[in-house]
Amino acid sequence: MNENGQSQYQVPRNPISLMGRVYKHILPEVRKALDGWRRAAAQIPDPELRKQALASIETKQFHCEGGGIYAAVPLPDRLVLIKLIVAYQTISDYLDNLCDRSTSMDQDDFRLLHQSMLDATDPEAEPVNYYALREEQNDGGYLRNLVMTCQSCIRQLPGYSVAMPYIRDLAGLYTDLQVYKHIKPELREQALLDWWELHRERTPHLQWNEFAAATGSTLGVFMLFLAASDRHLNDTAAASIHASYFPHVCCLHIMLDYLIDQEEDRLGGDLNFCNYYESPEVMLDRIALIVESARKDVLSIPVPPFHRMIIEGLLAIYLSDPKVSEQQEVRSVSRRLMKGSPLTRLFFFVNSRWIRKHLYE
């Protein structure tokens with residue numbers, strides 16, 4: 001950031017320039033980075049850890065591709081940023097799989113596993129045995145290598161020391177969420193409510209499930225990674241970015257994810273934050289309110305058009321997902337959210353469908 005708080009880089013300001021960079025640079029570079037981790041996952045000695053590592057890459061590749069949007073800015077160190085985003089998101093997706101389909105229900109185990117995400121954001125942290133409290137142990141160094149890759153990348157970001165406290169705040173909240181939402185089903189809701197009581201003053205206008213959803217997004221961390229690429233980043237700018245993304249942009253991201261996963265989570269016995277609304281109408285109203293709040297929040301940071309595209313892109317990506325058409329209630333909510341959409345959202349909606357049809361099938 002220069003003295004006026006503006007990014008020194010040419011940030012995409014319209015959907016065509018953004019998607020041009022996505023097709024030309026981001027998707028190929030993200031997939032190349034993921035291919036390396038896929039090969040490493042295939043070499044994991046423990047069969048359960050290998051299964052979950054491979055499954056997390058296979059089924060959640062689009063998480064890394066979405067995160068890669070933050071590297072669409074033509075930075076001289078774009079490849080460092082992509083490498084960092086892919087490694088950090090891969091840790092997140094791998095641990096989510098391990099905990100969702102876990103052989104353990106021990107919150108101490110979950111917290112130790114997620115210590116890896118905290119260590120990944122601290123260039124001075126020494127990796128430990130993150131599997132010490134579970135039966136499966138031998139991953140051939142897979143998780144440790146992911147952590148050390150993140151650390152190596154953040155050492156190359158000249159503004160990282162300024163962004164680090166805000167990144168650590170988000171990573172800490174994310175870790176808490178993953179611990180409490182994966183323990184025994186009968187204990188989850190009360191644990192989450194007790195945790196919310198500790199933080200509710202941060203977001204007094206949000207319901208507990210919406211606060212929890214906001215903590216589950218990695219988008220704020222990715223935006224701060226991007227900001228840390230700028231050697232002129234200052235604390236005021238970093239704090240503003242944190243406040244602009246958390247809670248509303250982050251909350252929208254995860255509420256949309258839960259919206260389309262309701263049937264899948266019901267069958268899997270997984271907690272879903274959309275199930276805590278008294279009716280689909282209330283859910284729709286709350287998500288619409290979060291959308292508008294997110295749009296207002298990003299006006300306070302440089303290049304609002306870029307961040308507005310992130311918001312419209314989130315709506316387009318999730319509401320164009322094939323899961324929507326398979327669930328009548330979700331389809332109805334989706335139609336109402338898409339009603340009167342701006343051209344930007346419709347543009348991303350069409351692109352999302354094209355990518356799924358031509359790049360995933």
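A crossing of two helices is called left-handed if the near helix is turned anticlockwise from the far one by less than a right angle, and right-handed if it is turned clockwise. With that in mind, let me begin with helix α4 and helix α6, residues 160–181, whose crossing is right-handed. Helices here are DSSP runs of H or I with at least four residues, and strands are runs of E with at least two, numbered from the N terminus.

Before going on, a word on the source. This is a predicted model, in which local features need pLDDT of at least 70, side-chain atom pairs count only at pLDDT 80 or more, and totals for chains, interfaces and linings use all residues. Residues are numbered from 1 along each chain as its sequence is written, and side-chain values use heavy atoms, with hydrogens and water left out.

As for confidence, pLDDT is the predictor's confidence in each residue, from 0 to 100; its mean over the chain is 91, and 96% of the residues reach 70 or more. Over residues 1–7, however, pLDDT stays under 50, and for that stretch the model has 11 contacts beyond four places in sequence, a contact being heavy atoms within 4.5 Å.

Back to our first pair. α4 and α6 pack at an angle of about 160 degrees with their axes 9 Å apart, where axes are lines fitted to C-alpha atoms, for helices over the stretch in contact, and angles run from 0 to 180 degrees between N-to-C directions. α4 is therefore roughly antiparallel to α6, given that angles over 145 degrees count as roughly antiparallel, under 35 as roughly parallel, 65 to 115 as roughly perpendicular and the rest as oblique. The residues making this contact include Phe110, Arg111 and His114 of α4, together with Tyr174, Thr175 and Gln178 of α6. By class, the contact has seven nonpolar, five polar and four charged residues, with Ala, Val, Leu, Ile, Met, Phe, Trp, Tyr, Cys and Pro counted as nonpolar, Asp, Glu, Lys and Arg as charged, and the others, Gly among them, as polar.

Leaving aside neighbours within four places in sequence, His114 is in contact with Leu95, Cys99, Tyr174, Thr175 and Gln178.

A second pair is α13, residues 280–297, and α14, residues 304–319, which pack at about 160 degrees with their axes 9 Å apart. That angle makes α13 roughly antiparallel to α14, and α13 passes α14 in a right-handed crossing. Here Val291, Ala294 and Arg295 of α13 meet Arg308, Ile311, Glu312 and Leu315 of α14, and these residues divide into four nonpolar, no polar and three charged.

In the loop between α13 and α14 lies Val303, whose phi is near 55 degrees, a positive value in a residue other than glycine. Val303 counts as buried because its relative accessibility is 7%. A cis peptide bond, with omega about 15 degrees, joins Phe246 and Pro247, and Pro247 sits in the loop between α10 (235–245) and α11 (248–260). For context, most residues other than glycine have a negative phi, and most peptide bonds are trans.

Key:
Buried < 20%, exposed > 50% of the residue type's maximum accessible area, 1.4 Å probe, protein only.
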